[in-house]
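Have the sequence and the structure ready. Each answer below sets a value against a definition and then concludes.

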Amino acid sequence: MDLLTRTDIQGLAQAETDETHVSLYMPTHRYGEGVQADQLEWKNLVSGVENLLLKTMRRPEVEKLLQPARDLQQDPMAWQYMSDGLAMFLRPGWHESYRIPAPLPKLATAGERFITGPLMHLLSGDEHYLLLALSQSEVRLMDGSRHTVVQVELDEVPTSLEDVVEPREPRSDTVTRPSSSGSRGRAVFYGHGTGDDAAGEADLKKFLRQVATGMRDILRGQTAPLVLVGLDPTVAAYRDVNDYENVLDEAVIHNPDKLPPARLHELAWPLVEAKLRDERGKLIDRFHELNGTGRVASELEAVGEAAEQGRVDTLFLRAHPWCWEEVAGDELAVVHLGADERYAECEALDAAAAATLANGGTVHATSQQVVPDAQVAAILRY
């Protein structure tokens, strides 16, 4: 699974002049009959942008630019491990693709920059979260959405106590358990087990310290809420060594060793949803409290100007449906940026989101309406 960070999205949003930039988005299925249909939809999406590019570029150049997208379409294994959406970005000599755990529009664009608005879900946390299942036997990081979680590969992180501490002979004496009192967060108890009772306190902390160190690189640039799942001593000990800012105060206290991803999501999502609902509600209330003070805006031209000037603190960008989908209707949205007036508003929305992010603001891509009939709303710094 690919963990996109704020830095990644900011990099994509920075246009490289004098080069053709292609952005490809589409929703995907994780399993079932929809997987094969996704391959065909991707083929149609790539063909659509190919026809667009051939109007201004030579065929050999177009084929070379789009070859990575064609290669992906013909890789059956890749389509067996998709998420909720697929995004791919291409420019001459460079390309990157991401599996996105959030709904995406079906969209292809070509122009002097990438389109990044649909990725803002991953920064606002509107539907995106992370889950860390902890035990002495196995450590699993999950990338989650409203509907499910998918495991993230941990290359440089120890995933069991045995990776760090030599196994010991069984002992009959009682193992000291670290206290879970203090400011280590509230626990939600769903069940118990003996999965971590074999680990001594010192060994457990040594193991979890190395896990936290490895996770530091993986989570750098992330802003998504992180739910801890594990037995009470393990969760408490991990909080002592963790330095990721967005760990939820509440945790799922349960031995995760035998829990499949679907069950982990079932236990964790209510905690995430409650936190997101509370935070988003406070921001929307703040917007309405500031109405009439000159510190809010909901007209796209004013919001876009403020974003470019670095004055937008919080931007609400309407999703579900995305602007691109509304304009396209039943047609496939294949857009030459700057040349199709039908999509001018969509481009302006994307530019406002990119500028807000570049200037240190927060973007919330959400289906929740802040101002009736408005695609965008913003809380301004001044």
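What follows is a set of questions and answers on this predicted model.

Q: What should I know about the model and its numbering?
A: The model is predicted: local features need pLDDT of at least 70, and side-chain atom pairs count only at pLDDT 80 or more, while totals for chains, interfaces and linings use all residues. Residues are numbered from 1 along each chain as its sequence is written, and side-chain values use heavy atoms, with hydrogens and water left out.

Q: How many helices and strands does the protein chain have, and what makes a run count as one?
A: The protein chain has 10 helices and 15 strands. Both are DSSP runs, numbered from the N terminus: helices are H or I with at least four residues, strands are E with at least two.

Q: What share of the protein chain counts as buried?
A: Of its 382 residues, 53% are buried. Buried means under 20% relative accessible area, exposed over 50%, and partly exposed in between (1.4 Å probe, protein chains only).

Q: Why is strand E2 called largely enclosed?
A: E2 covers residues 85-91, and seven of the seven are buried, so the rest of the structure largely encloses it. Gly-85, Ala-87, Phe-89 and Arg-91 point one way, Leu-86, Met-88 and Leu-90 the other, and all are buried.

Q: How do you know that E2 pairs with E1 and with E3?
A: Two strands pair if DSSP finds at least two bridges between them. Six bridges join E1 (residues 21-27) to E2, and the two run antiparallel. Seven bridges join E2 to E3 (residues 94-100), again in the antiparallel sense.

Q: Which residues face each other across these strands?
A: Val-22 has Leu-90 of E2 as its bridge partner. Met-88 stands opposite Ser-97 in E3, and Ala-87 stands opposite Tyr-98 in E3.

Q: What lies between E2 and E3 in their hairpin?
A: Two residues lie between the strands. Gly-93 in the turn has a positive phi of about 80 degrees.

Q: Why are E3 and E13 called edge strands of the sheet?
A: Five strands form an open sheet in the order E3-E2-E1-E4-E13, with mixed pairing. E3 and E13 (333-336) each have a single partner strand, so one side of each has no neighbour in the sheet. From one strand to the next, the twist averages 10 degrees.

Q: Which helix lies across E1, E2 and E3?
A: Helix H3 (residues 59-73) does, running at about 155 degrees to E2.

Q: Why is Lys-64 called exposed?
A: Lys-64 lies in helix H3. Its relative accessible area is 71%, so it is exposed. Lys-64 and Pro-92 are 28 residues apart in sequence and 8.0 Å apart in space, C-alpha to C-alpha.

Q: What makes a set of residues a nonpolar core?
A: The set must consist of buried Ala, Val, Leu, Ile, Met, Phe, Trp, Tyr and Cys residues joined through side-chain atoms within 4.5 Å. The largest one here has 44 residues, and those with the most contacts inside it include Tyr-25, Phe-89 and Leu-315. Helix H10 (residues 344-358) gives the largest share, six residues. Another core, of 30 residues, lies apart from it and includes Leu-154 and Tyr-244.

Q: Why are H8 and H10 called roughly parallel?
A: Axes are lines fitted to C-alpha atoms, for helices over the stretch in contact, and angles run from 0 to 180 degrees between N-to-C directions. Angles under 35 degrees count as roughly parallel, over 145 as roughly antiparallel, 65 to 115 as roughly perpendicular and the rest as oblique. H8 (residues 300-308) and H10 pack at about 30 degrees, with their axes 8 Å apart. H8 is therefore roughly parallel to H10.

Q: Why are H1 and H10 called oblique?
A: H1 (residues 6-13) and H10 pack at about 125 degrees, with axes 10 Å apart. They are therefore oblique to each other. Contact means heavy atoms within 4.5 Å. Here Arg-6, Ile-9, Gln-10 and Ala-13 of H1 meet Ala-354, Leu-357 and Ala-358 of H10.

Q: Why is Asp-373 called exposed?
A: Its relative accessible area is 75%, so Asp-373 is exposed. Asp-373 is found in the loop between strands E14 (362-366) and E15 (376-380). Asp-373 has a positive phi of about 65 degrees although it is not a glycine.
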